[in-house]
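This briefing covers pockets, salt bridges and aromatic pairs in one protein model. The sequence and structure come first, and the notes follow by topic.

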Amino acid sequence: MNEKQFWDWFLENRFGLEQFILSNTDDYSRYHELTDKLKGYNEHVIAELTMDSSDNHVLILSCDGRRDGIRPVETLFKQAPHIDKWIVQKFRSPGHVAELNYQGLNFKSKDVSVRYSVRENYYDIQLFIRGYKNSDIRYKGLAFLYLDHLLGEYNVMTRIGTIDFKRPSLLTNTSDMVTLLELRAIIERLN
């Protein structure tokens with residue numbers, strides 16, 4: 001499937017997707033159709049659907065942090081037609097999120113502290129997460145969601161190098177720690 005075929009399908013199915021966004025249904029068949037079409041376009045491209053504060057429907061084209069998906073997302077985004085009452089966005093944008101939930105695990109953004117070092121054009125980071133359990137992969141999944149939503153998915157893929165996960169109890173000195181929002185300001189200032 002190429003870009004035109006995807007957008008033609010999207011235009012034909014937009015009203016069903018709008019109904020899905022507005023409903024509280026457990027029926028995700030519309031979303032799965034969208035996901036299947038995107039996978040037919042490129043295996044790395046995924047979608048998030050939401051509403052904005054102006055009652056526009058929002059389609060976020062993402063590659064879920066996979067660098068191999070950057071180019072396909074950008075190409076698909078460039079081909080997006082104007083769609084009334086829709087906003088098409090590429091990648092998860094940086095913003096402020098106080099609390100997220102991932103598969104039943106929830107902790108707040110303030111429960112994550114960061115130590116970083118700069119290597120070439122990348123920031124290598126250590127994430128110290130309150131309550132972190134190495135055996136529970138949900139902690140890493142939720143941490144990646146915070147990174148994408150607070151730093152911005154594109155920044156994470158293009159500016160973050162290595163990521164190491166740690167428990168705060170392993171800390172000896174916290175004077176060089178920053179919050180995720182402070183790290184975003186540092187990355188944006190130095191870009």
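**Pockets, ion pairs and ring pairs**

The second largest pocket is lined by Phe-20, Tyr-28, Tyr-31, Ala-47, Glu-48 and Leu-49. A pocket here is an open set of points on a 1 Å grid over the protein atoms alone, where a 1.4 Å probe fits, with protein on both sides within 12 Å along at least five of seven lines; lining residues have an atom within 4 Å of a point. The model is predicted, so local features need pLDDT of at least 70 and side-chain atom pairs count only at pLDDT 80 or more, while totals for chains, interfaces and linings use all residues. Residues are numbered from 1 along each chain as its sequence is written, and side-chain values use heavy atoms, with hydrogens and water left out.

**Second largest pocket**

- This pocket holds about 170 Å³ of space, where a volume is the space filled by probe spheres set on the grid points, which are joined across faces, edges and corners.
- Strand β1 (residues 46-51) gives the largest share of the lining, three residues; strands (E, at least two residues) and helices (H or I, at least four) are DSSP runs numbered from the N terminus.
- By class, the lining of the second largest pocket has five nonpolar residues, no polar ones and one charged. Nonpolar covers Ala, Val, Leu, Ile, Met, Phe, Trp, Tyr, Cys and Pro, charged covers Asp, Glu, Lys and Arg, and the others, Gly among them, are polar.

**Largest pocket**

- The largest pocket contains about 420 Å³ of space.
- Its lining has 19 residues, and those nearest the centre are Asp-64, Gly-141, Phe-144, Leu-145 and Asp-148.
- Two or more lining residues come from each of β4 (99-102), α4 (138-159) and β8 (160-166).
- Helix α4 supplies the largest share, eight residues.
- The lining of the largest pocket divides into eight nonpolar, five polar and six charged residues.

**Salt bridges**

- The whole structure has 12 salt bridges, each a side-chain nitrogen of Lys or Arg within 4 Å of a carboxyl oxygen of Asp or Glu.
- Asp-64 and Arg-92 form one of them, at 3.0 Å from N to O. Asp-64 is in the loop between β2 (57-62) and α3 (70-78) and Arg-92 in the loop between β3 (86-90) and β4, so this bridge ties together parts 28 residues apart in sequence.
- Asp-64 has a relative accessible area of 37% and is partly exposed, whereas Arg-92, at 5%, is buried. Buried means under 20% relative accessible area, exposed over 50% and partly exposed in between (1.4 Å probe, protein chains only).
- Arg-92 also meets Asp-148 in a salt bridge, at 2.5 Å from N to O. Asp-148 is in helix α4 and Arg-92 in the loop between β3 and β4, so the two tie together parts 56 residues apart in sequence.
- Asp-148 and Arg-92 are both buried. Through shared partners, salt bridges join Glu-48, Asp-64, Arg-92 and Asp-148 into one network.
- Glu-74 and Lys-90 form a further salt bridge, at 3.9 Å from N to O. This pair links distant parts of the chain, with Glu-74 in helix α3 and Lys-90 in strand β3, 16 residues apart. Lys-90 is partly exposed, at a relative accessible area of 32%.

**Aromatic pairs**

- The whole structure has 14 aromatic pairs. Rings of Phe, Tyr and Trp (its six-membered ring) pair if their centres lie within 6.5 Å; planes under 30 degrees apart are stacked, over 60 edge-to-face and the rest tilted.
- The ring centres of Phe-20 and Tyr-28 are 5.3 Å apart and their planes lie at 70 degrees, so this pair is edge-to-face. Phe-20 is buried at 13% relative accessibility, while Tyr-28 is partly exposed with a relative accessible area of 43%.
- Phe-107 and Tyr-139 have ring centres 5.8 Å apart and planes at 10 degrees, so they are stacked. The pair links distant parts of the chain, Phe-107 in strand β5 (residues 105-108) and Tyr-139 in helix α4, 32 residues apart. Both residues, Phe-107 and Tyr-139, are buried.
- Ring pairs also link Phe-107, Tyr-132, Tyr-139, Phe-144, Tyr-146 and Phe-165 into a cluster.
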